[in-house]
Amino acid sequence: MNIQLMIIIGYLALLLLFGLLARRRSQGTAKDYMLASHSIGPVLLLLSLFGTTMTAFALVGSTGKSFQWGVGVYALMASSSGIVHSLCFFLVGVKIWSIGRRNGYTTQVQYFRDRLESRNFGTLLFLVLVLLVIPYLLIGILGGGAVIHGITGTVPNWLGSLMICTVVLTYVFAGGMRGTAWANAFQTLVFMVLGLVAFLVIATQLGDGQGIWAGLKAATAQVQQSHPEKLTMGPPVFTRLFFLSYLLIPLSAAMFPHIFQHWLTARSASTFKLPIVAHPILIAIVWLPCVLIGTWATAALYKGALVIDPGTLKSVNLILPMMVAKLSGPILSGLLAAGILAAVMSSLDSQFLCLGTMFTNDIVLELKGRDRFSDRQVVMMARSFIVGIVVVTYLVSLLHPPGIFDLAIWCFTGFTGLVPLIVAALYWKGLTRAGAYACLLVTVASWIYFFVQAGYPPDPKYKFLEMLPVASVFIASSISLVLVSLATRPPGDQTLEKFFPGSSGEQL
Amino acid sequence: MPRALFPWLLLLLVLVLHQLTAPWGNERLWFGFLPHVLAYHLMISLLAAGAWALLVKFSWPRDLADTEADSPEERSA
C-alpha cells in the first residue's frame, strides 16, 4: 500500500470518528438528527454552508475547466457566486429561517405544501428535487473517485467512489445533522488550508525550486508563451451575453434542498450575518488557486517535460489530482488528496441527509400519518432511502458521465429554473397553486428540451440566443409563474396571514 | 437617500463592475504572475464582501422574529 493511500484511509477513519463523537452529543430525537435542534452558531454555519456549496465542482471541476478555458473561469463562477450566493442567504435564507422556526418546518416540501395549500404539489416537487439532486451527488462521487485514482495511481475510480460513499454514509448515519455540520466545518478548514499549501508547493516546483515567488512567475510565463489566450477572456468562449447568463447559475443555491435544511439549523437570524459577509472571501481563497493551477497545467513544464500531456489525458477531472501527484512528494500528495476529498464529502453529507429527511417527512409521514412511527423508526427510514439513492447514483457514476463542471452546470440550471418559485412564495402574496405548478412544469419541460438539443455528452459551449440555456429556462419559468398566478385564485386569507402576518387586506 | 438603500446601490455597482468587458483583453500581469482579468475579479470578490458587510449592518430586516434556541441545551452544540 503506498503512502498516499495510507494517508487517505487515515483521513477517512478520522471522519468516522467525528460521526461517532457527534452521536454521543445527539439528543436522540428526529429533530436533532435532521436539524441539530436549531443550535448552530455563526462560525459553524459559515463553515458548513460554505463547505456544502463548495463541491468537487469548485476544486476538481474548476481546475479542469480552467485547463480548457483559462482564468476567465474565476469570473464566470467565483466572483459571481460571491455576490449571488450571499444574496440568496440574505433574501431567501434569513426569511426561510424565520418562517421555518415559526412553523416548525424541516424541508422545502413542507413549506411549499403549506404555502400553496397543496399536498400534491409537495409530492411533485419532491420528485423533481430528488431527480435534480442525483446529478449533484454524481459530481461528488465522480470527483472523489477521480481524486483517489489520480493521486494513488493504483485505486480505480470505481473503488475510490465506493470508499467515499461508504464513509460519508457512515458518519451521516452516526451523527445526523450535528455530525454533518461538525464534519463540514472541519473539512472546510482542511480543504482551505491544504488547498493553499498545494498551490504554493505546485508553484515552487514549477519554478525549479527557486522559491515560491519565482515559481509563480515561471508558471504563468510558461502559459504566456504557449497559450496566452488562457490568461485573458474573449470570444469564442467568452461573449457578453454568455457571460451575463452565467450569473444565473449560482442563483441555484436558493433552491438547493440541502442548503434550505442548513439554513434551518441556525440558532438565530443574526447567525446569518457572518456567512453572508465572509462567503465571497472564502470563495476567492478556494477558487483562485484552483483556477491558476488549471491554467498553469496547460503549459506546465517540470524537469523539461509537460506535466499534463493533453494527448494522453483521459479526463479533465484528473487535472488537479495529477498536478498534485506529479509536483509534490508522496506525504504531501496524500494530505492534499485528503483536502480535496474533504471538499467533496462536505457536500455529499448534507445532500445525503437532506434526501433522507425529505423522504421521511414529506412522503412517508405525510402519506402514512405522523403518529404511526417512533423517532427511531423515522431515522431508520431516512437511512434506508439514502442508501437506495446512493446505490442508484453510484451505479450511474460507473457509466462514465461527462465532465464534472459541465454536469454541474446542467444540474444548477434545473434548480435556477425553480428559483422564481421560492422568491414568489416568500415575497408575493399573489402566487397561486396553479402558478407554482406552471413554474415547475415549465422548468422541467424547458430543461429537457435544452438538454436534448445540447446532445450527449452535452456540448459545454451550447448556447441558445447566445446565452446559456439557464437564461431561457429561468425567464420561461418566471413568466409562466406570474401569468398563471394572475389568472387564478390566490390562497385563502388564513394562509396569507400565516405567511405574511399583519398584512391582511393589503393588495396582492 | 435612506441609509438602508446605499448598500444596495453599492451591491448593484459591484454587479455592474462584474459585467464590464473592458478588463477582458488586458494582457498585463500583476506582481509578475497574476493575469489582469483575474486580479480584477479578485477585487470584485473583495468589494462584494464589503458591500455585504454594509448590507447586514444598515439594511438588516427589522421584522424578523429573532427567536433564540428553544432551550439552553440546544445552544450548547
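Q: What makes Arg113(A) count as buried?
A: Buried means under 20% relative accessible area, exposed over 50% and partly exposed in between (1.4 Å probe, protein chains only). Arg113(A) comes in at 6%, so it is buried. A word on the ground rules: this is a predicted model, where local features need pLDDT of at least 70, side-chain atom pairs count only at pLDDT 80 or more, and totals for chains, interfaces and linings use all residues. Residues are numbered from 1 along each chain as its sequence is written, chains are lettered from A and ligands numbered from 1 in the order in which they are written, and side-chain values use heavy atoms, with hydrogens and water left out.

Q: Why is helix α6 of chain A described as largely enclosed by the rest of the structure?
A: Helices here are DSSP runs (H or I, at least four residues; strands are E, at least two), numbered from the N terminus. In α6(A), residues 108–116, eight of the nine residues are buried, so the rest of the structure largely encloses this helix. Among the buried ones are Gln108(A), Tyr111(A), Phe112(A) and Arg113(A).

Q: What makes Glu366(A) and Arg113(A) a salt bridge?
A: The rule wants a side-chain nitrogen of Lys or Arg within 4 Å of a carboxyl oxygen of Asp or Glu. For this pair the closest N and O atoms are 4.0 Å apart, and the pair is listed as a salt bridge. Glu366(A) sits in helix α14 (residues 330–368) and Arg113(A) in α6(A), so the pair ties together parts 253 residues apart in sequence.

Q: What links Arg113(A), Arg119(A) and Glu366(A)?
A: A network of salt bridges joins these three residues. Arg119(A) also pairs with Glu366(A), with the closest N and O atoms 3.3 Å apart. Arg119(A) lies in helix α7 (residues 119–152) of chain A and Glu366(A) in α14(A), so this pair ties together parts that are 247 residues apart in sequence. At 43% relative accessible area, Arg119(A) is partly exposed.

Q: How do you know that Lys498(A) and Asp114(A) form a salt bridge?
A: Their closest N and O atoms are 3.1 Å apart, and the limit is 4 Å. In total, the structure holds three salt bridges over all chains.

Q: How many residues of chain A and chain B are in contact?
A: Contact means heavy atoms within 4.5 Å, and 52 residues of chain A meet 46 residues of chain B on that basis. The largest share of chain A's side, 15 residues, comes from α5(A).
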